[in-house]
Amino acid sequence: MNNNIEIITIDPQVDGDLYLKEKRIRLDILLLPTGRTEWWGRDSISKHIQAVSNNDIVGCVLLVLGNDERNKKTAVLCQMAVLEPFRSQGIGKKLVAKCEQIGREDGMERICLHARATAVGFYE
């Protein structure tokens, strides 16, 4: 496991360079393989959480807090991506743990997600 991983939260309005790198990772890993190039439009209302190693982003995830009018106590974890050379090192687990921490701090009672069939095993 790579112990040199720092989990950070960024503000896209302030941390523009980090945000652009994050978007590139999400584009390359999540969108292009499915033939899509458009975002789902929630970047502006999401918490942006990144895994950083040696000042490089190696993974990221978005967390949307209580955005559903029907359920203000549910967060949505989405667009989890970890670069191939850094997979199976516990980085995804650290990103999920940070999402859980942020969710608790913001009064969320649960976190839900949608995942590709190939990723279901990671979340179980």
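The accessible surface of the protein amounts to about 7600 Å², and carbon and sulfur atoms contribute 48% of that area; accessible areas come from the Shrake-Rupley method with a 1.4 Å probe, and for residues only the protein chains shown count as cover. This is a predicted model, in which local features need pLDDT of at least 70 and side-chain atom pairs count only at pLDDT 80 or more, while totals for chains, interfaces and linings use all residues. Residues are numbered from 1 along each chain as its sequence is written, and side-chain values use heavy atoms, with hydrogens and water left out.

**Overall architecture**

- The protein contains 3 helices and 5 strands; these elements are DSSP runs numbered from the N terminus, with helices being H or I of at least four residues and strands being E of at least two.
- Along the sequence, the elements follow the pattern β-α-β-β-β-α-β-α.
- Of the 124 residues, 37% count as buried; the term denotes under 20% relative accessible area, whereas exposed denotes over 50% and partly exposed the range in between (1.4 Å probe, protein chains only).
- Among contacts with a separation of 6 or more, 60% are made by residues 24 or more positions apart; a contact requires heavy atoms within 4.5 Å.

**Pairing of β4 and β5**

- Strand β4 (residues 74-82) and strand β5 (residues 110-113) run parallel and are joined by 4 bridges; strands are taken to pair if DSSP finds at least two bridges between them.
- Within this arrangement, Thr74 stands opposite Arg110, a residue of β5.
- Between the two strands the chain passes through helix α2 (residues 91-105), and this β-α-β crossover is right-handed; that is, with the strands pointing away from the viewer, the path from the first strand over the helix to the second runs clockwise.

- His48 belongs to strand β2 (residues 46-53), and it counts as buried because its relative accessibility is 0%.
- The side chains of His48 and Glu22 are joined by a polar contact of 2.7 Å; such a contact is a pair of N or O atoms within 3.5 Å, where within protein one must be able to donate a hydrogen and the other to accept it, and residues adjacent in sequence count only if both atoms are side-chain atoms.
- A polar atom of the His48 side chain also lies 2.9 Å from the backbone oxygen of Asp43.
- With neighbours within four places in sequence set aside, the residues in contact with His48 include Ile8, Thr9, Ile10, Pro12, Tyr19, Arg26, Val61 and Leu62, as well as Glu22 and Asp43.

**Positive phi angles in loops**

- Asn55 is not a glycine, yet it has a positive phi of about 65 degrees.
- Asn55 is located in the loop between β2 and β3 (56-65), and it counts as exposed because its relative accessibility is 70%.
- Ser88, likewise not a glycine, has a positive phi of about 65 degrees.
- Ser88 is placed in the loop between β4 and α2, and with a relative accessibility of 84% it therefore counts as exposed.

**Cysteines**

- The structure holds 0 disulfides, the criterion being a pair of cysteine sulfur atoms within 2.5 Å.
- The cysteine sulfur closest to that of Cys78 is in Cys99, at 8.6 Å, which is too far for a bond.
- Cys99 is accordingly in no disulfide.
- Cys78 counts as buried because its relative accessibility is 11%, and Cys99 is also buried, with a relative accessible area of 0%.
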